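Okay, thanks for coming, everyone. Let me put the model up on the screen, and then I'll walk you through a metal site and some charged pairs.

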Amino acid sequence: MTHQEEAEERSYEHWATVISNEVIEIFGKKQVVATGWAPSGFYHIGNFKEAVTCRAIHRELISLGADSYYLLNIDDVDPFEKIPSFFKEYAKLLKPYLGHVICEVPDPLGCHDSYAEHFIADALAIMNDFDVNPDPILTSKLYKEGKYDKYAKLFLEKKEEMYELTEEITGSKMEDFFLIQCPECNNLSAPKLIDYKFIDDKIKVEIFCQKEKRGCGQKSSLILGDTIWKIKWRLDWAARQDFLGVTVESSGKDHGVSGGSIDSSLAIHERIFGKSKLPMLITHGFLTFGGKKLSGSTGSGLPVSKFPSILDPSVFLYKIYRTNLRTDTDFKVEMDVPGVASDFDVAEELYYQERDIEHKKTKEKTVKAYELALMADPFEEKPIRMDYGQLVTFLQVYLFDEERVIETLKAKEIIPFNISNRDLQLLKNRIQRAKFWIENYASNNFKFSVVKNPKCDIVKLLDLPVLKELYIALQNLPEKYQGDAITQHLYEIAKEKEIKPGNFFRSLYQIVLAQKSGPRAGTLIDVLGKAEVSRLVKEALDCF
Ligand SMILES: [Zn+2]
Ligand SMILES: [Zn+2]
């Protein structure tokens with residue numbers, strides 16, 4: 001745990017509250033929250049983490065009475081440096097555009113005006129699914145509007161200070177401040193600035209389009225702005241924060257390392273722009289899937305667009321918001337889904353005061369994370385929730401028959417007969433998601449199917465005395481016991497009869513599911529019914 005993480009751990013307040021109060025202290029009520037993304041590939045989990053982090057701060061600022069504006073800077077003038085693996089088959093079409101700006105590279109699928117546009121629509125739709133709705137601002141538009149012009153001049157005028165600053169912070173002198181598109185071949189990353197001079201309020205530049213960087217080898221003389229141009233990343237970032245009036249922005253932890261882009265940006269604000277109030281540039285921990293940071297350009301792993309098919313977006317946001325800001329989180333889609341849903345349900349019970357916990361700090365953070373995760377105002381009354389993990393069991397026992405599952409839940413009084421339409425809809429949504437998860441992502445540990453008759457070849461390998469005790473235990477199972485009470489009861493009987501509990505439960509799974517493991521024994525018996533389980537065990541005894 002880092003120093004920062006320990007501090008967060010100690011704090012009673014949620015990180016969104018801590019940051020919001022701090023930034024209000026600096027800038028007052030008027031706030032601009034920014035996030036950024038370059039559409040050079042699919043919108044991935046890292047981009048998503050940044051956007052949802054900023055959403056929480058934006059929402060908390062509003063709840064603290066600030067006038068907050070949330071913007072998304074879309075860098076569509078990024079040079080196209082690599083053909084992503086998912087576009088391999090279009091390599092011939094795309095290759096001539098390497099080094100060009102992504103807003104001028106064609107969409108290989110032909111469904112959008114440009115390569116950049118192809119990914120933008122998708123990203124905005126995903127964000128909207130998670131109630132992340134920043135105002136999208138295209139970098140190309142900002143350059144066209146001349147927003148960066150004065151910064152180009154300023155950086156050149158103060159070039160000695162810039163050299164000194166970049167060398168001091170990064171350890172190497174920044175030679176070139178700009179990327180300028182070659183008017184001959186349209187390449188953005190090949191030209192090198194060889195000379196410049198100020199003419200009135202314009203800058204005349206000489207560039208050389210380097211062949212070794214896929215350029216045409218031509219020299220050109222032009223006015224900066226006649227072709228597409230951009231200020232290099234760290235400088236561009238500071239300039240943009242300045243003219244957009246950004247007060248708070250979050251980025252991945254890698255930006256916060258010593259000598260990283262945050263250090264550079266802050267130094268530019270202070271020493272080049274001469275500001276005393278610096279934007280709050282915070283960092284967040286990484287979110288990974290099964291240990292992998294997903295890359296938008298390779299398109300590997302679970303796409304963010306699939307999240308809402310397995311979990312309610314609020315449930316997923318809750319997981320992110322309940323974690324310390326700078327802590328890395330790994331999400332194993334094949335294992336963690338039921339647990340994440342169950343954590344959300346617990347938070348909801350706390351919010352509606354249907355349960356309490358001793359630990360005041362934990363409670364405060366949990367309730368705030370829950371509030372921030374909601375995508376609309378909270379319901380007046382707590383919704384009725386059905387445990388995701390239990391649904392996974394019910395669905396598989398009843399062969400994914402939604403109506404039968406709902407009828408059984410009512411018959412077992414797990415949900416009330418007169419469940420409201422709203423809660424029934426919430427339940428149906430969860431059923432659809434659990435079904436999709438089992439069918440597409442769940443690990444084999446969660447999957448099973450109930451046998452019609454026990455398989456004697458498997459059963460014969462089990463201990464007959466254990467099976468007999470299991471049968472007796474089922475016969476004598478008190479009627480009022482449900483779920484975990486059944487598991488506990490069986491566990492105690494096993495110990496009393498000096499049978500290893502593992503052996504006891506494994507025998508049950510082998511008979512009922514023809515596999516070594518399965519859902520919690522109590523849940524399985526509950527869902528399937530004691531009579532049906534007894535019948536299967538009785539038949540198993542007949543194998544001998
Ligand atoms: Zn397209
Ligand atoms: Zn060229």
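**The metal site and the salt bridges**

So, the site of the zinc ion (ligand 1) is tetrahedral, with angles of 108 to 112° among its 4 donor atoms. The cut-off here: four donors count as tetrahedral if all angles lie between 85 and 135 degrees. For reference, the ideal angle for four tetrahedral donors is 109.5 degrees.

Before I go on, the ground rules. This is a predicted model, where local features need pLDDT of at least 70 and side-chain atom pairs count only at pLDDT 80 or more, while totals for chains, interfaces and linings use all residues. Residues are numbered from 1 along each chain as its sequence is written, chains are lettered from A and ligands numbered from 1 in the order in which they are written, and side-chain values use heavy atoms, leaving out hydrogens and water.

Which residues hold the zinc? The protein donors are D107 (OD), C111 (SG), H112 (ND1) and H118 (ND1), at 2.0 to 2.2 Å from the zinc ion (ligand 1). Donors, by the way, are N, O and S atoms within 2.8 Å of the metal (3.2 Å for Na, K and Ca), and since water is not among the atoms, sites may look incomplete. Along the sequence, the spacing reads D-x3-C-H-x5-H. H118 is buried at 13% relative accessibility, whereas H112 is partly exposed at 28%. For those labels, buried is under 20% relative accessible area, exposed is over 50%, and partly exposed is in between (1.4 Å probe, protein chains only).

Now the charged pairs. The structure holds 23 salt bridges, each being a side-chain nitrogen of Lys or Arg within 4 Å of a carboxyl oxygen of Asp or Glu.

Take R55 and D131: their closest N and O atoms are 2.8 Å apart. R55 sits in helix α3 (residues 45–63) and D131 in the loop between α5 (115–129) and β3 (135–138), 76 residues apart. Helices (H or I, at least four residues) and strands (E, at least two) are DSSP runs, numbered from the N terminus. R55 is buried at 2%, and D131 is partly exposed at 22%. R59 joins in too, in a salt-bridge network with R55 and D131.

Another one is E168 with R271, at 3.1 Å, N to O. E168 lies in helix α8 (residues 159–170) and R271 in helix α10 (residues 261–272), so this pair ties together parts 103 residues apart in sequence. E168 is exposed at 52%; R271 is partly exposed at 34%.

Definitions and conventions: Tetrahedral: all angles 85-135°; square planar, octahedral: opposite > 155°, others 65-115°.
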